[in-house]
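Subject: Structure for you to look at

Hello,

Here is the structure I promised to pass on. Please open it first, then read my notes below.

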Amino acid sequence: MSYLILDDLEQYYSSLSQSSTNWESGANDYAPFACFMLRELTEGYRRLDYLFAINNQSTSLKEKVYAVVADSYRKIGKAEIEETLYSYSRSSIEKALGELVKDGRIAMVHSGKYAGYVKRSD
């Protein structure tokens, strides 16, 4: 769960600060921090559920890669796809990405170190 908090450090420190206001007098309110942590916990379970769902689909790797790219609201890099589809090798994922780009189902944005993929809109 630490990666979720690291993605939202500003909100973490803000909720921590709000929760510790008036701590000295015992009049502090733990609600802001508790709400933040509950949101992060919910997001963690949502991501875990997605990982299990996508990896347990009875479809081809190419379709799983397409689903991961299509489900992303922004460009997604190869490393993130590899993390999501953890049971497949990098070369297998690269092959599937190449086929999907060739088929015109996804587009490659940039190249090299900052390359990413997006679903093509028709």
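**How the helices pack**

H3 and H4 are roughly antiparallel to each other, because an angle over 145 degrees counts as such. The two helices pack at about 150 degrees, and their axes are 10 Å apart. Keep in mind that this is a predicted model.

Which residues make the contact? On the H3 side they are Tyr50, Ile54 and Asn55. H4 brings in Lys64, Ala67, Val68 and Asp71. Sorted by class, the contact of H3 with H4 has four nonpolar residues, one polar and two charged.

H3 has another partner. Helix H2 covers residues 9–20, and helix H3 covers residues 31–55. Their axes come within 7 Å and cross at roughly 150 degrees. H2 is therefore roughly antiparallel to H3. From H2, the contact uses Gln11, Tyr12, Ser15, Leu16, Gln18 and Ser19. From H3, it uses Pro32, Phe33, Phe36 and Arg39. Five residues of this contact of H2 with H3 are nonpolar, four are polar and one is charged.

**Valine 68**

Is valine 68 buried or exposed? Its relative accessible area is 3%, so valine 68 is buried, the cut-off being under 20%. Leaving aside neighbours within four places in sequence, valine 68 is in contact with Tyr50, Ile54, Ile76, Ile81, Thr84 and Leu85. Leucine 16 is 52 residues away from valine 68 along the chain. The C-alpha atoms of these two residues are separated by 34 Å.

**The largest nonpolar core**

In soluble globular proteins, nonpolar side chains tend to be buried together. Here is what the model shows. The largest nonpolar core has 16 residues. The members that touch the most others are Val65, Val69, Ile81, Leu85, Ile93, Leu97 and Ile106. Two elements each give two or more residues to this core: helix H4 (61–71) and helix H6 (90–103). H4 supplies the largest share, six residues.

What does isoleucine 93 touch, beyond residues up to four places away in sequence? The list is Leu61, Val65, Ile81, Glu82, Leu85 and Tyr88. Ile81 and Leu85 are also among the contacts of valine 68.

Best wishes

Notes. Residues numbered from 1 in each chain as written. Predicted model: local features only at pLDDT ≥ 70, side-chain atom pairs only at ≥ 80, totals over all residues. Heavy atoms only, no water. Core = buried A, V, L, I, M, F, W, Y, C linked by side-chain atoms within 4.5 Å. Buried < 20%, exposed > 50% of the residue type's maximum accessible area, 1.4 Å probe, protein only. Helix = DSSP H or I, 4+ residues; strand = E, 2+ residues; numbered from the N terminus. Contact = heavy atoms within 4.5 Å. Axes fitted to C-alpha atoms, helices over the stretch in contact; angles between N-to-C directions. Parallel < 35°, antiparallel > 145°, perpendicular 65-115°, else oblique. Nonpolar A, V, L, I, M, F, W, Y, C, P; charged D, E, K, R; others polar.
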